[in-house]
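My entries follow the display.

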Amino acid sequence: MAYNLREELNKPERFAAGHRMCAGCGAPVAIRGVLRALDPQDKAVIANATGCLEVSTFLYPYTAWQDSYIHTAFECAAATLSGVQSAYEAMKKQGKIDETYKFIAFGGDGGTYDIGFQSLSGAMERGHDMVYVCYDNEAYMNTGIQRSSSTPRFADATTSPVGSAIPGKQQNKKNLTEVMAAHDIPYVGQTTFISNFKDLHEKARKALYTEGAAFLNVMAPCPRGWRYATEDLMEICKLAVETCVWPLYEVDHGKWILSYKPKEKLPVSEYLKKQGRFAHVLKKGNEWMLEEIQKGVDERWEKLLKKCEQ
Amino acid sequence: MAIRERMSGNEAVAYAMRQIDPDVMGAFPITPSTEIPQYFSQYVANGQVHTEFVAVESEHSAMSCCIGAQAAGGRAVTATSSAGLALMWEMLYVAASSRLPITLSCVNRALSGPININNDHSDSMGARDSGWIQLYAENNQEAYDNFCMAMRIGEHKDVRLPVMCCQDGFITSHAIENIELLEDEIVKNFVGKYEPENYLLKKENPLSVGPYDTVAYYMEHKKQQAEAMKNAKAVILEVAKDFEKISARKYSFFEEYKMDDAEVAMVIIGSSAGTAKAVVDSLREEGIKAGLIKIRVFRPFPASEIAKALAHVKAAAIMDKADSFSGCGGPLFAEVRSACYGLDSKPVLVNYIYGLGGRDVVTTDLKKAFNKLLEYAKKGAPEETYYHLGVRE
């Protein structure tokens, strides 16, 4: 059945309004997009790493989650969920459960690229039938915009600030999607929000309904950390894709597939200029930074095209 | 019919786990507890249990996995030692405050550093305030029995707390001794089914676990947790009574050995109690009224019962197989001395740190401690009460 956003939006909402995430934040958009990909009759258990999403959606005694939900700590959403999923297997074997449950972990880049990386790698290697979704906003936003291994080079973050001697983060962003692909799990996808959420929806569905471990990396911008106007969320995601900063692709049972190829690849400055965290990059005298960023994006894009046999 | 066997403490715990047949075991190897997941994964490989064995990539993930499994509505177990328990630290608190009755077999080993694989109690003593019930065993029999009783205690509706069953690394975990095992069906029936009220996989009612708890609620939740730990005392005794019916073995908060008329006493935890009993016997032969208290339950701490048991004693040595680096004594000493504060006539209490990192504990060492007690019983309390036993000067 062809994807139809209007029909998808008619599904019962599994993530209730009234949570306390910021206006213009990508995380709840990612969550709703992933949960919409569930068949309405299927049940789910959500695990969540500590972060904005957790502290803003489950403040005792209120929960925004219609499905069962568990938060334990920052670094172990994947391990926690692997316990839930294993109990499900054991209880199913004994005939204690007959419903179909899906298991989804949500973590920010701090809880996924960094502190939760070991737990994620372990759970994926063990092959639990679950989906780990990273909502990647490229810094530790919950604690106040500290750099993570996902923060891109030259971005201004509170532990990699722009100063007179050092112009923002010095290291490159970790390529986690490829690291996860190297786990040889059945499905890995990289996506964000463009046009009618079709790419996110289709990748979430594949991730959910492919047996075994799956990983989804969703670029989910943060208006506070990236310093953009809240209404620009969708525009920034689109520019990330059109500049090839965040290419849309998947690795389905080992096959690399490019999901979208821009007709005309836009210069990276189009993406950067919307964001306060890169303001210094576009200043006169700092052209070398812009060149370096462009060079990095171009190289990674070319490599990806080769992997996808484009 | 009881089964007479010979096995190590580790095998005894794994055997109990097989009989209980939990839903999930999340475990990571660490000496000296490694044999437990080894034995258990063989049971899984042989199809003797229905358990999902999750070979996690760290102890932090082992405890996280157990939390997830228990919250999901299953029974979860794990085993660890030393640095493994330390790596679980954060999650031990999450397990307890989420009121999830996970059962952990702690095979006590010194905590680094320097790294040392031998026995002392620094690992579990460090976790004494994490909100777990702690049971300690003297030998393989007690390690087995405690594990059989643990779930009945932890899962009780008035308790709902995780339970740590401790035994001494190598000394108990690896020594092969005689043991009396219970039949599978008897253990299964005794432990019963796990039927939580609410759990993640309850189809009628989805559940959110692990909230952000604000100032308005946090303290009430902590008070409930404290109440649960207090409630555990009655439940521990109730379960022990039921266990006696199936095993003819009697358990309480602690064991009193020749304490009735004792004038000098030793309070000790774990395998060294056997050595201490031998010393008590030899002192009794010399006409000295010596006695021993062996702690089984450290959390909740049986304070009033301990005070009562020591009330008539002139002097007692409190033996800690872990230092707390408070500068004034180990953890057991702090508890016992505090428990005795309300006594009208207080015994002289001194603290000995002993057996750290597997340092051998021999009868002559313990006898030295008793001889000191006899001196204090006559002359009164020494100024210094914090000593290390069996150390080269």
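These are my notes, topic by topic.

**Ground rules.** I am reading a predicted model, where local features need pLDDT of at least 70, side-chain atom pairs count only at pLDDT 80 or more, and totals for chains, interfaces and linings use all residues. Residues are numbered from 1 along each chain as its sequence is written, chains are lettered from A and ligands numbered from 1 in the order in which they are written, and side-chain values use heavy atoms, without hydrogens and water.

**Strand β3 of chain A.** I took strands as DSSP runs of E, at least two residues, numbered from the N terminus. β3(A) covers residues 101-108, and eight of its eight residues are buried (under 20% relative accessible area, 1.4 Å probe, protein chains only). Y101(A), F103(A), A105(A) and G107(A) point one way; K102(A), I104(A), F106(A) and G108(A) point the other way. Pairing needs at least two DSSP bridges between two strands. β1(A), residues 43-48, runs parallel to β3(A) and is joined to it by six bridges. There, V45(A) sits opposite F103(A). β4(A), residues 131-136, also pairs with β3(A) in the parallel sense, over five bridges. I104(A) faces V131(A) in that pair.

**Cores.** I next followed F106(A) into the largest nonpolar core, which has 207 residues. Such a core is a set of buried Ala, Val, Leu, Ile, Met, Phe, Trp, Tyr and Cys residues joined through side-chain atoms within 4.5 Å. F106(A) is among the members that touch the most others, as are F215(A) and M63(B). The core lies between domain 1 (3-247) and domain 2 (254-388) of chain B, because both give residues to it; the bounds come from an automatic or database domain assignment. A second, separate core has 26 residues, including M319(B) and F370(B).

**Sheet in chain B.** I traced an open, mixed sheet of seven strands in the order β3-β2-β4-β5-β7-β6-β13. Inside it, β4(B) (76-80) and β5(B) (103-108) run parallel, with four bridges. T78(B) has L104(B) as its bridge partner.

**Cysteines.** How many disulfides are there over all chains? I get zero, using a cut-off of sulfur atoms within 2.5 Å. The sulfur of C166(B) is 4.5 Å from the closest cysteine sulfur, in C106(B), so it is too far for a bond. C166(B) is buried at 2% relative accessibility. For C340(B), the nearest cysteine sulfur is 16 Å away, in C328(B). C340(B) is buried too, with a relative accessible area of 2%.

Conventions:
Buried < 20%, exposed > 50% of the residue type's maximum accessible area, 1.4 Å probe, protein only.
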